[in-house]
Amino acid sequence: MTKILLKDYIYHGRIKEHFQLKGTLLSEISKTDSHTIKPMKGCPHQISKLDWDYSEEFDRPWVQEFGNHFLRAIAEFIDDDSTIDNETVDIHQIWYQQYVESDIHDWHIHGGQFTGVYYLEHPSDSAKTEVVSPYDKRVIAIDAKEGDIIIFPAHIKHRGSKNSCKRKTIISFNFSIGE
């Protein structure tokens, strides 16, 4: 079988109001019901705090606070992509993850058409998000800073490598366009 190269990209933007949002979002997140993922045989994921179990509930206070900023970032993504008309955006899930030192979210993919990460709390020594090129299997580390947001096709294999800082907090999301 022959491979045909289709170029794709990762959208890398910024939440403009990050510094106004950060304290409020972290405060709301600290009040949430959450759980922990611990490593198991064959599955090295270890995430100290996340609310994935509630990812389809959009009335959570931190989601309400973040909502308009998040939708604006998706609108910029659509506007920047000349192949996507301004169609209906269907958000499937949104959740946070907090990592402490040595936590890891190993290689995985998401559902839907697109997935993304907002770097809410991201010290300079935080673990980087890494993606695998589906064509040549090259691992690419994303040079994101606190306040940045990345969006990429959900089928792209990625991970949060082993964290080396005290705490890192991200907001992840899955969405589709025009479904």
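Select G111 to begin: leaving aside residues up to four places away in sequence, G111 touches A154 and N174, contact meaning heavy atoms within 4.5 Å. The model is a predicted one, in which local features need pLDDT of at least 70 and side-chain atom pairs count only at pLDDT 80 or more, while totals for chains, interfaces and linings use all residues. Residues are numbered from 1 along each chain as its sequence is written, and side-chain values use heavy atoms, with hydrogens and water left out.

Staying with G111, you will find this residue in the loop between β5 and β6 (114-121), where helices (H or I, at least four residues) and strands (E, at least two) are DSSP runs numbered from the N terminus. G111 is partly exposed at a relative accessible area of 43%; buried means under 20% relative accessible area, exposed over 50%, and partly exposed in between (1.4 Å probe, protein chains only).

Next, colour the open sheet of 4 strands, which runs in the order β5-β10-β7-β8 with antiparallel pairing, two strands being paired if DSSP finds at least two bridges between them. Because β5 (105-108) and β8 (139-141) stand at the edges with a single partner strand each, one side of each is left without a neighbour in the sheet. From one strand to the next the twist averages 15°, taken from axes that are lines fitted to C-alpha atoms (for helices over the stretch in contact), with angles running from 0 to 180 degrees between N-to-C directions.

Then move to I171 in strand β11 (residues 167-177), which counts as buried at 0% relative accessibility. Its contacts beyond four places in sequence include W62, F66, W95 and Y118.

Finally, display the salt bridges, each a side-chain nitrogen of Lys or Arg within 4 Å of a carboxyl oxygen of Asp or Glu; the count comes to 12. R14 and D148 form one of them, with their closest N and O atoms 2.7 Å apart. Since R14 lies in β1 (residues 11-14) and D148 in β9 (residues 148-153), the pair ties together parts that are 134 residues apart in sequence. R14 is partly exposed at 36%, whereas D148 is buried at 8%.
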